[in-house]
Amino acid sequence: MPKVGMEPIRREALVLATIAEVGEAGSLDVTVSQIAKRAGMSSALAHHYFGGKDQIFLAAMRHILTGYGREVRAALAGKADHTARLEAIIRASFSDSQFGAEVISAWLNFYVKAQQSPDAARLLRLYHRRLHSNLLHDLRPLVGARADEVARSIAAMIDGVYIRQALSGAPVTPEAAAALVSSVLHMALAQEARQ
């Protein structure tokens, strides 16, 4: 008889093992068996909980996105200044837990997977919409009609830094990554001040 309450623990172990395996392989070229072995269980149990590798990977990305959402909310807590809030969103995008090698690899593979999988594409769109909305909220009072353009530029820079980090032989620190993206924000603010 299965132990009561083990399912959430096993699911989380499989999700974390998926992130680790994809990070180690650098691709989705991993098997459910490898994931299950890393999680300390049988591949049959992994299939029972998720159905297959695609579903486990999507659960891993939901896990990453949930963690990111928590980090953004924590970073925004108590901040009323629009510029400080935007800086907080940018810093949360490059926190240690989000900008680690395994998570970066998962993101790179997620971008590719979203080109082939409607479920992955839907999840990626949700992330993009939420990021865009968060940025717009604080950009509108600062740059007015240019808010949408600036939000898209900041979001593109965040994605671009992740892609470059995944493919680069010279990795950048989370602080340097956040500073690079923040420079786009500050250029937009400076341009607005000149007008």
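The lining of the largest pocket divides into 8 nonpolar, 2 polar and 2 charged residues. In this count Ala, Val, Leu, Ile, Met, Phe, Trp, Tyr, Cys and Pro are nonpolar, Asp, Glu, Lys and Arg are charged, and the others, Gly among them, are polar. The model is a predicted one, in which local features need pLDDT of at least 70, side-chain atom pairs count only at pLDDT 80 or more, and totals for chains, interfaces and linings use all residues. Residues are numbered from 1 along each chain as its sequence is written, and side-chain values use heavy atoms, with hydrogens and water left out.

The protein chain has 9 helices and 0 strands; these are DSSP runs numbered from the N terminus, with helices (H or I) of at least four residues and strands (E) of at least two. Its C-alpha atoms fill a box of roughly 70 × 40 × 30 Å along the principal axes.

Back to the pocket. Its space comes to about 270 Å³. Residues of its lining include Leu65, Tyr68, Arg73, Tyr127 and Asn134. The elements that give two or more residues to this lining are α4 (53–76) and α7 (118–143).

The structure also holds 1 cavity of 30 Å³ or more. On a 1 Å grid over the protein atoms alone, a cavity is a set of points where a 1.4 Å probe fits but cannot get out, while a pocket is an open set with protein on both sides within 12 Å along at least five of seven lines; lining residues have an atom within 4 Å of a point. Grid points are joined across faces, edges and corners, and a volume is the space filled by probe spheres set on the points. The largest cavity has about 70 Å³ of space, and among its lining residues are Tyr68, Trp107, Tyr127 and Asp159. Helix α8 gives the most to this lining, with 3 residues.

Aromatic rings come next. Rings of Phe, Tyr and Trp (its six-membered ring) pair if their centres lie within 6.5 Å; planes under 30 degrees apart count as stacked, over 60 as edge-to-face and the rest as tilted. The count comes to 9 aromatic pairs. The ring centres of tryptophan 107 and tyrosine 127 are 4.9 Å apart and their planes stand at 55 degrees, so this pair is tilted. Tryptophan 107 lies in helix α6 (residues 101–113) and tyrosine 127 in helix α7, so the pair ties together parts 20 residues apart in sequence.
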